[in-house]
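Please open the structure in your viewer and keep the selection panel at hand. The tour moves from one selection to the next, with a short account of what is there.

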Amino acid sequence: MRSIGKKLKTKLIGRQIYYYEELGSTQELAIYLAENNSEAVNGTAILAERQERGRGRINSKWISPSGGIWLSIILKPNMPANKSPLLKFIAALAVCDTIAQNTGLESKVKWPNDILINHKKVCGILLDIATKGSSIEYAVIGIGINANVNIRKILPYIPDHKGNDVSVTSLKNELSGKYVNRPSFLKLLFERLEHYYCYLEKEDLGGVVILDQIKDRLDILNAVVTIQQKDKTIEGLVVGLGLDGSLVLKKNDGSLIEVLSGDTRSRVIKQQH
Ligand code: BTN
């Protein structure tokens, strides 16, 4: 994967790459560089073949053996902080596009930010942001893709942040053992990410177009779901996403309700298509 820099067509994403055979966590290093190193320019990518302490959402552990694609990208976007959930969505769109173009596999977005193939998790996305007033100072997007990972050797299930088992897969598993060319995958991923990022920075519609595209990929769009919150459950038809990344449900009485993605007390516990 070290060789990818020479073939890249992007102007921003991945123009500067920090590459490691082994690292604690690309996310932690990226945050450190964004805070302390002015040379960590917009679009800098940190890549590792293996991570010893890969971090998942809500501080869960992310198992990161050789064969996967583990990276974090430092962004210094010119956008208000309230648009930051859209950064997760552009990463999700870039991953789905890349999977489709590179492998021919169809993937879906599981709210708030997992990528699934055949209902199994193949990729997780993490977003850390630092704000200055109402603007984003920097954002770090962490992307973990089980590319050429032999899932059966690791774990067929992983616990999510609530401790529930989530089925896991890899691109190689879904391709019946065929290996993914990781440098080409990564090159395309950087290009798709740059495409959506530049679009988001320029867009006058405040992210509506990005949200529409994510909506099309949402695994639970038009499904009736039951959301478990701390002390109650809410049932409703999933009709879309809010600009803040929340899930918009239409309840039986016709009213709309938004469930925040950052609300760790909320999770989808049942879905009926
Ligand atoms: C999730 O829990 O679904 C998010 C997982 C994100 C994992 C990636 S791997 C690269 C980057 N470095 C980390 O330590 N975590 C993210």
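Select Ser 25, which in this predicted model sits in the loop between strand E1 (17-23) and helix H1. With a relative accessible area of 7%, Ser 25 counts as buried, because the cut-off for that term is under 20%. Its side chain reaches the backbone nitrogen of Glu 28 at 3.1 Å, and once neighbours within four places in sequence are set aside, Ser 25 is in contact with Gln 51, Arg 53 and Arg 55.

An N or O atom in the side chain of Ser 25 is 2.7 Å from an oxygen atom of the ligand, while a polar side-chain atom of Thr 26 lies 2.9 Å from a ligand nitrogen atom. At Gln 27 the backbone takes part instead, with an N or O atom 3.4 Å from a nitrogen atom of the ligand. On its own the ligand has 410 Å² of accessible area, of which the protein covers 98%.

Finally, colour the shell by residue class: 5 of its residues are nonpolar, 10 polar and 4 charged. Of the 19 residues around the ligand, those that come nearest are Ser 25, where the tour began, together with Thr 26, Arg 55, Arg 57 and Lys 121.

Definitions and conventions
Residues numbered from 1 in each chain as written. Predicted model: local features only at pLDDT ≥ 70, side-chain atom pairs only at ≥ 80, totals over all residues. Heavy atoms only, no water. Near = heavy atom within 4 Å. Polar contact = N/O pair within 3.5 Å; in protein donor to acceptor, adjacent residues only side chain to side chain. Areas by Shrake-Rupley, 256 points an atom, 1.4 Å probe, with all protein chains shown as cover. Nonpolar A, V, L, I, M, F, W, Y, C, P; charged D, E, K, R; others polar. Helix = DSSP H or I, 4+ residues; strand = E, 2+ residues; numbered from the N terminus. Buried < 20%, exposed > 50% of the residue type's maximum accessible area, 1.4 Å probe, protein only. Contact = heavy atoms within 4.5 Å.
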